[in-house]
Amino acid sequence: MTGLNLAYGQSAEPQWRHATALTGEPRYSPDVEHFNYVEPDAPKGGKVRLSSIGGFDTFNPILPKGSIAPGIGLIYETLMEQALDEDDISAQYGVIAEAVRYPEDYSWVEYRLNPDAKWHDGQAITPEDVVWSFEKATELDPRKKFYYQNVKSAQALPDGVVRFEFDTTGNRELPHILGQLLVLPKHWWTGTGDDGNQRDIGGSLLEPPLGSGPYKIGSFEPNRRVTYQRVEDYWGKDLPIRVGTYNFDEIQYDSYRDQTVLLEAFKGDQYDWRSENVAKNWATGYQVPPVENGQIILEKFPDEGRGIMQAFVPNLRLEKFSDERVRRALNLAFDFESINRTAFYDQYNRTASYFAGTELAHSGLPEGKELEILESVRDLIPEEVFTEVYENPVNGDPQKLRSNLRKALSLLQEAGYELRGNTLVNRATGEPFTIEFVDNDPNSERYVLPYAQNLKRLGIDLRLRILDTPQYTNRIRSRDFEMTTLGWAQSLSPGNEQRDYWGSAAADQQQSFNYAGIKDPGIDALIQKLIFADDRETLVAATHALDRVLMHHNFVIPQWYSGVFRTARWNRFGRPDNIPEYTHGFPTIWWYDEELAASVGAQR
């Protein structure tokens, strides 16, 4: 999040710079020809086939409803873009914008557009496009409105400059995150469509939209397939951040509705690359001849560029989940250790942080700067934060599980519940404690059903309901759920997005990422500490503090993480020798290898 680099000096009139970094300095100078993690002479050509789940019904990239086509970002660009190999992984370099500047108090930011930047129809990208894109994004997408809530104005200036002014000072991330804005062509969206009708950015769209990126839409079938074709005369192909990237002539996404069919389609050579998120599949699902003879490559890559919290998420807007003792009881009943052994082949670690696997995860008791931050909000946070280390319950054998279930029942009784026969009921109302667990993946049965069996021993009736993906998505968006599995991926530079994840103001916004409905003044105060941290040390300390308090509130029942990307691919592709530390970079920096493809066989 914090500490935009001022390496080029400050004066009364801020200097223009080619890149920004939240801490330290950008790695690459203005005159670099390409970045270190690419093969600059990578061959162009070939095709890669990818997959998605659930289908699509719109090409509108900013409307937060409907199912957007996978890969749509290939046709668009942002003002700036992150490099993949920075020590500060948030470092951004110019794409549509060639330069950026801002004052010492971070009260505004200006971007100067690259005069070569063009839409695919040949028209120049203008500051008016940028302003219109910002206004429409914040008008139509509640998440964007919330994310950019401190931006009070956007203005097109002469000489290809766009200026954003803020209603606050000291928010070091604000000048940076405006660079993430997706820029759309105002003249196209306000024009007439192929059907002769006025286009509407506020509605769904299945007309291939105009873009400015390295690809354009070739062909498509709604809910089934979309193909992107490389733009031969793409204006940005010689930008340092683009050299050696987007090497495929064609990128195709096929949509599937069933995870089992999806795996079998991969093994049947119906698509080329698969990120394997199911431990059982990784352990047993690839024992097929193409793997044995090298046609399919199984490979793990380190997952070090993000923190992750995946959890059973109860809807805290419901009265039955409002008591922290109830939520802790639900955690006590989760036998992660047995499920990891029997269903996951011991491939996972138990999650004990919202930033698991990174330096941002808290540990031990608070000390130093973190303790100072916690002391400043002491009256708003649990006292145990200062005296107790958060720990998940440990199960794994019948004796431990019985002990934890006894503790769970005691907590439930303290919270106003009692057993009547074999049913846990609210002592005051007599209402049974039931949970509807919704998911869109039948594979969830492997861990949800054992969890339900343990809850049954407490008198709680948890029932799993599998929905199709659109229905599931709509229910989560509208907060029409009791419990589900959800996850939050965190960057190594957390910032303004934390308001959307855990802030009270986001709890009742249907489109926010505050799925659980967290409303807590202590959390709100710590988010502010994090956003306005003035250096990396303070940012890390504030993140530790936020993480610690989130965990101590037991808002969710943490699940697991692996720390690696498990991937399977048909052996048709080349890649650079120095893959970036934080990502495998597929397909962006890979390419089609004709020799390998010939040895594997033609794509079907």
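# Strands, cores and rings in a predicted model

Student: How many bridges join strand β20 to strand β21?

Tutor: Strand β20 (residues 434-439) and strand β21 (residues 461-466) run parallel and are joined by six bridges. Keep in mind that this is a predicted model.

Student: Which residue is the bridge partner of D439 in β21?

Tutor: D439 has I466 as its bridge partner there.

Student: What does the chain go through to cross from β20 to β21?

Tutor: Between β20 and β21 the chain passes through helix α13 (residues 445-456). This β-α-β crossover is right-handed.

Student: OK, sheets. In what order do the three strands of the open sheet come?

Tutor: The order is β1-β5-β4, with antiparallel pairing.

Student: Why is one side of β1 and of β4 left without a neighbour in that sheet?

Tutor: Because β1 (19-20) and β4 (80-82) stand at the edges, and each has a single partner strand.

Student: How many bridges join β4 to β5?

Tutor: Three bridges join β4 to β5 (residues 92-94). E81 is found opposite Y93 of β5.

Student: New topic. Which residues touch the most other members in the largest nonpolar core?

Tutor: They are L330, Y451, M483 and W502, in a core of 80 residues. Helix α17 (residues 536-552) gives the most to this core, namely nine residues.

Student: What is Y451 in contact with, leaving aside neighbours within four places in sequence?

Tutor: The contacts of Y451 are F312, L330, N331, A333, F334, L462, M483 and I557. Y451 also belongs to an aromatic cluster, whose members include F312, F334 and W560.

Student: Which residues does the second, separate core include?

Tutor: Among them are L74, V109, V131 and V231, and that core has 76 residues. As a general point, nonpolar side chains in soluble globular proteins tend to be buried together.

Student: Now the rings. How many aromatic pairs does the count come to?

Tutor: The count comes to 47 aromatic pairs. One of them is Y102 with Y106, which is stacked, at 5.9 Å centre to centre and with 25° between the planes.

Student: Are Y102 and Y106 buried or exposed?

Tutor: Y102 counts as buried because its relative accessibility is 0%. Y106 is buried with a relative accessible area of 3%.

Student: And how is the pair of W273 and F586 arranged?

Tutor: W273 and F586 are stacked, 3.9 Å centre to centre, with 5° between the planes. The pair links distant parts of the chain, 313 residues apart. W273 is in strand β14 (residues 273-275), while F586 is in the loop between β26 (573-574) and β27 (591-592). Both W273 and F586 are buried.

Student: What sits over the ring of W188?

Tutor: The charged end of R199 does, 3.6 Å from the ring's centre. Likewise, R163 lies over the face of W108, 4.1 Å from the ring centre.

Student: Last one. Where is T58?

Tutor: T58 is in the loop between β2 (47-53) and β3 (77-78).

Student: Is T58 buried or exposed?

Tutor: T58 is buried, and its relative accessible area is 3%. Apart from neighbours within four places in sequence, T58 has contacts that include K65, S67, S204 and L206.

Student: How far apart are T58 and V183?

Tutor: T58 and V183 are 125 residues apart in sequence, and 18 Å apart in space from C-alpha to C-alpha.

Notes. Residues are numbered from 1 along each chain as its sequence is written. This is a predicted model: local features need pLDDT of at least 70, side-chain atom pairs count only at pLDDT 80 or more; totals for chains, interfaces and linings use all residues. Side-chain values use heavy atoms; hydrogens and water are left out. Rings of Phe, Tyr and Trp (its six-membered ring) pair if their centres lie within 6.5 Å; planes under 30 degrees apart count as stacked, over 60 as edge-to-face and the rest as tilted. Buried means under 20% relative accessible area, exposed over 50%, partly exposed in between (1.4 Å probe, protein chains only). Helices (H or I, at least four residues) and strands (E, at least two) are DSSP runs, numbered from the N terminus. A charge sits over a ring if NZ of Lys or CZ of Arg is within 6 Å of the ring centre and within 35 degrees of the ring normal. A nonpolar core is a set of buried Ala, Val, Leu, Ile, Met, Phe, Trp, Tyr and Cys residues joined through side-chain atoms within 4.5 Å. Contact means heavy atoms within 4.5 Å. Two strands pair if DSSP finds at least two bridges between them. A crossover is right-handed if, with the strands pointing away from the viewer, the path from the first strand over the helix to the second runs clockwise.
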